[in-house]
Amino acid sequence: MDLDSSGGLASQGALVRFSRVSAQNTVSIQPEARFAKETSRSVARLSAADTSTEIRHDWRLEEIRALHDMPLLDLVFQAAQAHRRHHDPAEVQVCKLVSIKTGGCPEDCAYCSQSARYETGIDAQPLLEKEAVLEIARRAKASGVSRVCLGAAWREVRDNAQFEHVLDLVQDVTSMGLEVCCTLGMLTEAQARKLDEAGLYAYNHNLDTSESFYETIITTRTYRDRLDTIQNVRKTGVTVCAGGILGLGESKDDRISLLRTLAAIQPHPESVPINVLSKVPGTPLQDQADVPFDEVLRMVATARILMPKAVVRLSAGRARLSVAEQALCFLAGANSIFSSETRSMLTQAVPSPDYNADRAMLELLGLRMRPPFKGESSTREDWEKV
Ligand code: SAM
Ligand code: SF4
C-alpha cells in the first residue's frame, strides 16, 4: 500500500460514469442555482447506485464535493442507506478515553489543551499506574463501554520503560474483554508490531485537516509524518482509527480534501472520528467561530458514504449537540460515541456527556450498545441472522 495524501487514481469505470452525468448537466444552459440543484440530484441518484456495493479509494474532489453539498436531507437519506447496508443501525459503540499521560506535550497543535506551549490550566501528570487504569476500565465496562482508548500526550513513542508499561496495559485491558485503542503520537513499524503482539485492537492517529491547511495548525510535524505512522500501523494486524476536526478555521475544500485522503487509505480506516473543536482557553484557537450543526451533519454523512464499513465516531464537540441533533447524526451513519463518568474526554478542557445521560439517550432512541470485537465488516446479512 502506498498512502498518497492527494488520493489515488480514479478507476476508469468510475470516471466514465461520473463524467457522463457532469456532461449532461453542462451542455444545457441553466441558471446557476438550477444547475447546482440538478447536478446534486443527478449525483445523488448516481452515487446511490455507485455506493450500493462498491468500496472505493479513488474518490475525486468534485465527486466528494457534490455529495457533501447535496440537499441536506437527500444526503442524510443516502448516508442512512449506506449505513444500513453495512451495519446494524440499532447499534452504537460506546468508548471511553483514558488519559494515561497528561499534558506537557512538546508539540504545538493549536487546538490542544495538552501542549506545553500554551497556558491552558491543565496540570501535567506522569504515566498512570496500572491499577488506576484497570479500575477506570472496569467501571467503563460495567457501564456498557466496549472500547477503551488510552491516550498519551507524547510527540512519539520511545523505546523505553514507559512503552513497556503501555504494552502491559494493552495486554491487561484487552484481557478484560475490551477493545483497546491507543493514541500515543508517532510510531515506527517495529513499535506498531509490539503493540500488535500485546493484543492492541486499534491505533488512533488523526489527520485532523487537509494537507494544505495542516501547517497552519501544527508546525512541529508534517502531514507526511502522520501518514507514515498510519502506514506503519497498516503493516500490522492493528486496525486504523483516523479522522479529523471541524472548526479549526479550515475551508469546506479542506474538509473535502481530508475526506479524500482518508478514503484513499487502503483498506479504509476501520474507525473515523469526527471531532468538532472544543475551544480551549489559552490556545491559539480559543476564539474560533462555532461550527453550525448542519456542517457537522454533512461531514458525518459524507464520511459514512465514502467509508461505508468504518465505525464513524461522534467525538469531541458532542457535548454541545442536543439529543435531536445526535439522533440525526446516528441516522446519517455515526455509530459510536465517547462517554465518560467525569464528563470530560482526555482532559477537563474537552467536555463529554456522561454514562447516565448517554444510556438515557440511547434508550430513548431505541439504540443498543455495540459489543466489543464485532469487526468493521458486519453486513446486513450478518446482523439480520442474529
Ligand atoms: N498525542 C497524540 C496525538 O496527537 O496523536 C494523542 C492525543 S491527541 C489529544 C488525540 C486527538 O484528539 C487529536 O488528534 C485531535 O484530533 C483530538 N483533539 C485534541 N484536542 C482537541 C480539541 N480541543 N478539540 C477537538 N479535538 C481535539
Ligand atoms: Fe501533543 Fe497530541 Fe496534543 Fe498535539 S494533539 S499537543 S501531539 S497531545
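Visitor: Does Tyr 118 count as buried or exposed, and how many C-beta neighbours does it have inside 10 Å?

Guide: Tyr 118 counts as buried, because it has 21 C-beta neighbours inside 10 Å (a residue is buried if 20 or more other C-beta atoms lie within 10 Å of its own, exposed if 12 or fewer, and partly exposed in between, with C-beta atoms placed from the backbone). Please keep in mind that this is a predicted model, in which local features need pLDDT of at least 70 and side-chain atom pairs count only at pLDDT 80 or more, while totals for chains, interfaces and linings use all residues. Residues are numbered from 1 along each chain as its sequence is written, and chains are lettered from A and ligands numbered from 1 in the order in which they are written.

Tyr 118 sits in the loop that runs between strand E1 (91–101) and helix H5 (130–142) (helices, H or I of at least four residues, and strands, E of at least two, are DSSP runs numbered from the N terminus). Gly 282 lies 164 residues from Tyr 118 in sequence, yet their C-alpha atoms are 5.8 Å apart in space. Once neighbours within four places in sequence are set aside, Tyr 118 is in contact with Gly 282 and Thr 283 (contact requires C-beta atoms, placed from the backbone, within 7 Å).

The loop between E1 and H5 also holds Ala 110, which is buried because 21 other C-beta atoms lie within 10 Å. With neighbours within four places in sequence again set aside, Ala 110 is in contact with Ile 217, Ile 218, Thr 283, Pro 284 and Leu 285, so that Thr 283 is a contact of Ala 110 as well as of Tyr 118. The C-alpha atom of Ala 110 is separated by 9.3 Å from that of Thr 219, which is 109 residues away along the chain.

We can now turn to the ligands. Around ligand 2 are Cys 105, Glu 107, Cys 109, Cys 112, Gln 114, Ser 115, Ala 153, Arg 155 and Gly 185 (each with its C-beta atom, placed from the backbone, within 6 Å). Sorted by class, this shell has four nonpolar, three polar and two charged residues (Ala, Val, Leu, Ile, Met, Phe, Trp, Tyr, Cys and Pro are nonpolar, Asp, Glu, Lys and Arg charged, and the others, Gly among them, polar). Ligand 1 is surrounded by 19 residues, of which the closest are Thr 183, Asn 206, Asn 275, Ser 278 and Ala 316, and its shell divides into 10 nonpolar, eight polar and one charged.

Note on methods: Two residues are in contact if their C-beta atoms, placed from the backbone, lie within 7 Å.
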